[in-house]
Amino acid sequence: MTQKIPKTFITEVLLKTNIIDLIKSKLDLKKKGKNYQSKCPFHEEKTPSFIVNHEKQIYHCFGCNAHGNAIDFLMNYDGLTFMECIEELSMLNNISIPYTKNNDKFYQKYEQKKKLYNLMADISNIYWKNLKNKKSKKKIDYIKKRGIKKKIFNLFLLGYSNSLTTKKILNISKNYTIQDFIQTGVININYSGKKYDRFYKRIIFPIRNQHGKINGFGGRLIKENEKFPKYINSPETKIFHKKKQIYGIYELKKKNNLKYLIVVEGYFDVILLKQWKINNVISILGTSCTVEHLKKMFNMTKTIIFCYDGDQAGRQASWQTLIKSLPYLDGKKSLKFIFLPKNEDPDSIIKKEGKKSFKKRIKNAIYMSEYFFQKILKKYDIKTVEGKKNFFYDAISLIKKIPNLTYQFFLYKSLREKIGIFNHHNLKKIIEKKNTYKKKKYSLMRILVSLIIQNPQLHQLNINFSKISKIKNKGIKIFSKIIKICKKKKILNTGILLEEYRNNKKYYIIKYLSNWKNLISQNKIKKTFLEIINFLYIQKLKKKIKKLLSKEKNKKLTKKDKIKIWILKKKILQKEKTLKKNF
């Protein structure tokens with residue numbers, strides 16, 4: 001993808017972003033010396049090998065070799081595109097993206113999103129004021145009847161759409177076009193050309209992203225009518241995508257490193273549980289749990305507890321969710337389920353039983369493995385050979401989807417015990433992992449290039465780098481190019497240097513060397529850097545002498561050549577003396 005915004009702006013965003021604060025908001029970082037450490041979020045491990053460096057503004061895992069700057073982390077951890085990362089960091093730092101003029105399409109797209117977010121906030125405010133209106137007593141009574149207190153419905157910005165709402169929305173501002181209103185998904189036009197509010201006569205639930213921006217609405221009829229669905233959501237828009245949306249994410253006290261997340265079906269479930277001080281609750285707007293939902297939720301916690309309604313649809317949704325989750329269950333992640341009594345939902349059960357009993361349900365939630373075998377065993381009669389065979393292969397086909405070998409091993413063990421067989425054959429093969437260790441090559445040029453990448457401030461040393469660029473040696477070109485970029489852009493940390501190379505063919509080389517172990521201790525970086533440069537310069541002078549001496553074999557060495565050799569040798573002695581003095 002070609003860059004759509006000025007590189008100077010990306011540099012500015014990275015300078016304003018503290019990678020420690022960014023990653024700390026998502027992982028449990030602990031200070032260790034000059035660095036911060038955590039268990040890697042990208043692979044399974046028992047001891048922390050994930051390091052974040054404040055000075056270089058990069059992260060690196062010594063276990064799986066994942067590394068990069070703040071943008072790389074968001075791309076890999078949250079699954080965002082490059083442009084989404086820039087937008088995310090821009091919002092976090094409260095700065096606007098200055099798209100280049102020759103990219104009108106991308107600028108317009110970005111501006112349109114901003115406009116829609118602002119318009120959605122204005123529309124939400126109208127809904128909210130409608131509910132506060134004295135004429136809305138019946139609606140407030142309905143909400144109170146549902147057991148919701150004023151403090152909580154204000155927290156979730158609940159609103160209402162009445163007969164005047166469409167007019168109020170269309171009169172928000174002259175800066176918006178009718179197309180803008182339609183693109184929010186709120187205003188529709190019927191066959192006769194009349195404009196109307198999609199959520200008319202419904203209680204409104206604003207749906208906010210993790211930054212608090214409203215990107216959609218949910219609506220619930222007060223008086224149920226068979227002609228209309230009880231609940232509706234915003235349609236797909238430029239800012240609302242149901243398969244990615246999580247209701248209640250903004251209202252969570254913490255956004256990451258949660259002990260667990262409880263996933264429920266409805267808006268009222270989230271709101272009522274929150275009111276009863278059950279805080280880690282979200283909704284995925286129904287029962288259809290998507291891959292996007294799972295990725296986002298597993299980035300927030302290692303344990304997800306699904307608590308669907310106690311009806312047939314809820315039971316089916318639990319099983320479908322389990323199957324969909326299997327590829328994401330590594331050693332650190334786990335899935336649990338709460339099964340409610342028939343015709344009960346989280347909203348109704350907590351009002352009947354109270355907080356203490358619901359907490360007990362959370363504590364006693366059954367693990368995926370238990371539910372997994374319960375569900376499959378119901379399908380087959382394992383008293384028969386055919387039943388055992390079908391049960392065995394059905395279970396195996398699902399267990400294979402789990403990436404964690406240890407998890408697989410224990411499920412296979414349980415499977416064999418349930419059908420009366422236990423065999424150690426191939427267990428060693430299941431547990432063992434291939435050793436992919438490769439020897440690392442240490443060369444002077446690789447060390448030199450890694451030093452400048454890992455310590456871009458070295459470009460400020462008083463060295464004639466133009467002379468170095470003329471040395472004919474593999475790696476000199478890339479070294480000289482990095483020096484030029486650092487000097488021109490005044491780059492002082494690795495994270496920003498990485499970004500300069502993102503769309504370059506050499507990006508992966510730079511990224512690899514940004515965390516390559518060159519075995520140079522911190523207090524010897526500057527000395528080693530100068531020593532290698534001096535050594536390369538000496539090698540260049542020696543090659544010149546060798547070339548001149550080769551003439552002597554053919555008796556072509558002139559007096560002028562001899563003077564050149566003498567001067568070159570003198571320079572070599574001076575360089576070697578400098579090396580001895582410094583090192």
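This note walks through some packing and backbone features of the structure above, point by point.

1. **Ground rules.** This is a predicted model, in which local features need pLDDT of at least 70 and side-chain atom pairs count only at pLDDT 80 or more, while totals for chains, interfaces and linings use all residues. Numbering starts from 1 along each chain as its sequence is written, and side-chain values use heavy atoms, with hydrogens and water left out.

2. **The cores.** A nonpolar core here is a set of buried Ala, Val, Leu, Ile, Met, Phe, Trp, Tyr and Cys residues joined through side-chain atoms within 4.5 Å; buried means under 20% relative accessible area, exposed over 50%, and partly exposed in between, with a 1.4 Å probe and protein chains only. The largest nonpolar core has 67 residues, and Ile23, Phe50, Val52, Phe479, Ile482 and Phe529 touch the most other members. There is also a second, separate core of 40 residues, with Cys289, Ile366, Phe372 and Ile402 among them.

3. **Phe479 up close.** Which residues is Phe479 in contact with, leaving aside neighbours within four places in sequence? They are Met445, Leu448, Val449, Ile452, Phe465, Ile468, Phe529 and Ile533, where contact means heavy atoms within 4.5 Å.

4. **The four-strand sheet.** Helices (H or I, at least four residues) and strands (E, at least two) are DSSP runs numbered from the N terminus, and two strands pair if DSSP finds at least two bridges between them. An open sheet of 4 strands runs in the order β6-β9-β10-β11, with antiparallel pairing. Because β6 (159-160) and β11 stand at the edges with a single partner strand each, one side of each is left without a neighbour in the sheet.

5. **Strand β10 and its partners.** In β10 (residues 214-221), 8 of 8 residues are buried. The antiparallel pairing of β9 (residues 202-208) with β10 covers 7 bridges; Phe205 has Gly218 as its bridge partner in β10, and Ile207 stands opposite Gly216.

6. Axes are lines fitted to C-alpha atoms, for helices over the stretch in contact, and angles run from 0 to 180 degrees between N-to-C directions. Helix α6 (residues 137-145) lies across β6, β9 and β10 and runs at about 65° to β9. Helix α10 (residues 267-275) also packs on the sheet, where α10 touches β9, β10 and β11 and makes about 75° with the direction of β9.

7. **Strand β4.** Both faces of β4 (residues 58-61) are covered, with Ile58 and His60 buried on one side and Tyr59 and Cys61 buried on the other. Strand β3 (residues 50-53) is joined to β4 by 4 bridges in the antiparallel sense, and Asn53 has Ile58 as its bridge partner.

8. **The α3 and α4 pair.** Helices α3 and α4 (residues 82-92) pack at about 115°, with axes 9 Å apart. The contact is made by Ile71, Leu74 and Met75 of α3 and Phe82, Cys85, Ile86, Glu88 and Leu89 of α4.

9. **Helix α11.** What are the buried residues of α11 (residues 291-300)? They are His293, Leu294, Met297, Phe298, Asn299 and Met300, and their cover includes α3 (70-77), β12 (261-264), β13 (281-283), β14 (303-306), α12 (312-325) and β15 (334-337).

10. **Backbone spots to look at.** Most residues other than glycine have a negative phi. Lys201, in the loop between β8 (195-197) and β9, has a positive phi of about 65° and is partly exposed, with a relative accessible area of 46%. Leu285, in the loop between β13 and α11, has a phi near 60° and is buried, with a relative accessible area of 9%.
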